[in-house]
Amino acid sequence: MPIHNADIAVIFEEIADLLEIESANVFRVRAYRNAARTLQELGKDVRAMAENDEDLTRLPGIGDDLAAKIREIVETGHCAMLDKLHKQLPSTITELLKIPGLGPKRVRALYHELDIHTMEQLQRAVRDHRIQALPGFGEKTEIHIADALAVHAGSSSRFKLAVAAQYAEPLATWLRTIPGVHQVVIAGSYRRARETVGDIDILITAMADSPVMARFCSYDEIAEVLSHGPTRSSVVLKCKLQVDVRAVSPESYGAALHYFTGSKAHNIAIRRLGQERGLKINEYGVFKGQARIAGETEESVYQAVGLPFIPPELREDRGEIEAARHGYLPKLIELSDLKGDLHAHSRASDGHDTLKKMAQAAQQHGFEYLAITEHSSRLTIARGLDSVQLTKQMDEIDRINEQLQGITLLKGIEVDILEDGSLDLPDWVLGKLDLVVGAIHSHFGLSRARQTERILKAMDHPHFTLLAHPSGRLIAKREPYDVDMLRIIRKAKERGCYLELNATPDRLDLLDTYCQAAKDAGVLISINSDAHSVLDFDNLRFGVGQARRGWLEKQNVLNTRSLQELRPLLNRTMS
Ligand code: DGT
Ligand code: CA
Ligand code: CA
């Protein structure tokens, strides 16, 4: 692999970082940093210079020693000095340096002051809150490290659905502009709206002479072309997301779309149904002997095995084929069914926009109502509200509602559920609100029994309306806390309160299988944006995707109700 100037600069930067951690002479450290900068900004290829035996010491900041190191790196790809530093310091140090926000100074403090040599030791220091006590650190940095550690622990190569969308959708849009292209569909787990996707599968139909495959392989975000052919190609984008593209003829479109949408388990079950009828089903069509009897549309594939169309989000072989056969497939909720949103923040706590802006944005999304639910005072990092501030906000909402037309702000709070299950604000103020959204933001590590009791107790509170992000998980960052979710669902039924499906891309919480359990128990789910800015309402589509995976229909979702229908449902009469 050819060495570029930037590669050598990276090595010199790392040497400088490690020397700094070792408390080396500041001039020495600076020499490596200066050399790194010289290499980054140099218009000439230093490898070519070294190979042509040019005098490297004529470059600014490069003396005999650094010139020798450049030659060494160009010839071997390694630098013995960096290897030696790696051996002297715990390997964790290099990993710590990769955490955004942790420069060599902070890493040195962790190493020298807290004697942290391993990830486990770091984990323990985070847990015991010893990090925030260090000079120059603080609570924010500690949380940052905790997040980075969690990512490190669960480091998987799957992409969150919303992140994959940011790459896949512009690519699909661009593919549609290529001459001769008819259809472009993103299939696979993406189409099934799984919360994370392993890779992107794109299906294309195009004229035989379309240059689509050649063009696809020249897309400027590609890092590597894994395979390239007239009907299938695979590439890895610079962001490391793999994209598989398949081109099929129009008569195979439905069969191919069905095949590449999956899931694999669903496909196998459908193929078996075909076999029972003497049919062969593959990505090219449905065949009886040599004759193609279906495959142009997905509907025709299902029809061939005696079933109605099954929506992609249900295709997990979790009972959807049975349901289709017996005619009780759900009529799944759609984004346009939502009439409001019951969880949003404004500038009064940790949001970015004013109440009025948030209301107008909600209205533009076709909503009749938006509940403002700031954090409560316990959550100091989110500038939570106390009783006085909340009372003031209620007055402000009254004033704004008088000015607004066609949209109503509801008065709410996202109140912290404290460790003992009590709520972080007094009853008198909670009683004045339209709804009380309860949430866990601390003590994630309680035992299953205690965590469950804590939430059940909160739900017993006479003013409790809705449990926010019920499992507390952050995708690829933080595991759900240990709770008996079925017990919580039963409690919600008993108490006449509701569970949230939080649509934030890294939450998507309640999980799909529990949505189904809540539906079966007759508990309504509220699909909420948890918006912290006017842009966040766009995330609701991911929440709706997850709700569809959870078999939810319009009537199972609280915020499909009109404001008039909603009011009595928020009025807690049970106590
Ligand atoms: P992912 O990418 O891990 O999030 O999940 P998928 O479902 O997108 O899986 P992927 O990309 O490996 O394959 C796309 C679809 O192709 C998959 O959902 C079903 C179909 N498929 C892949 N391999 C097989 C197979 O061995 N048999 C059958 N029947 N279908 C397969
Ligand atoms: Ca895939
Ligand atoms: Ca794939």
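Select ligand 1 in this predicted model, and display the 16 residues that surround it. The closest of them are Arg158, Ser189, Arg192, Gly198 and Asp199.

Next, select arginine 192, where a polar side-chain atom lies 2.9 Å from an oxygen atom of ligand 1. Proceed to glycine 198: here a backbone N or O atom lies 2.8 Å from an oxygen atom of the ligand. At tyrosine 259, a polar side-chain atom lies 3.5 Å from a nitrogen atom of ligand 1. The protein covers 72% of the 590 Å² of accessible area that ligand 1 has on its own.

Now colour helix H11 (188-191), helix H13 and helix H14 (264-276), each of which supplies at least two residues of the shell around the ligand.

From H13 (residues 253-261), move to the strands S2, S4 and S7, across which this helix lies, running at about 175° to S4. These strands belong to an open sheet of 5 strands in the order S2-S4-S7-S6-S5, with mixed pairing. Strand S2 (181-186) and strand S5 (222-228) stand at the edges; each has a single partner strand, so one side of each is left without a neighbour in the sheet. From one strand to the next, the twist averages 20°.

Select S4 (residues 200-206) together with S7 (residues 242-248): the two run parallel and are joined by 6 bridges. Isoleucine 204 has alanine 247 in S7 as its bridge partner.

Finally, select helix H10 (residues 161-176), which lies across S2, S4, S6 (232-237) and S7 and runs at about 170° to S2.

How values were computed. Residues are numbered from 1 along each chain as its sequence is written. Chains are lettered from A and ligands numbered from 1 in the order in which they are written. This is a predicted model: local features need pLDDT of at least 70, side-chain atom pairs count only at pLDDT 80 or more; totals for chains, interfaces and linings use all residues. Side-chain values use heavy atoms; hydrogens and water are left out. Two strands pair if DSSP finds at least two bridges between them. Helices (H or I, at least four residues) and strands (E, at least two) are DSSP runs, numbered from the N terminus. Axes are lines fitted to C-alpha atoms, for helices over the stretch in contact, and angles run from 0 to 180 degrees between N-to-C directions. Contact means heavy atoms within 4.5 Å. A residue is near a molecule or strand if one of its heavy atoms lies within 4 Å of it. A polar contact is a pair of N or O atoms within 3.5 Å; within protein, one must be able to donate a hydrogen and the other to accept it, and residues adjacent in sequence count only if both atoms are side-chain atoms. Accessible areas come from the Shrake-Rupley method with a 1.4 Å probe; for residues, only the protein chains shown count as cover.
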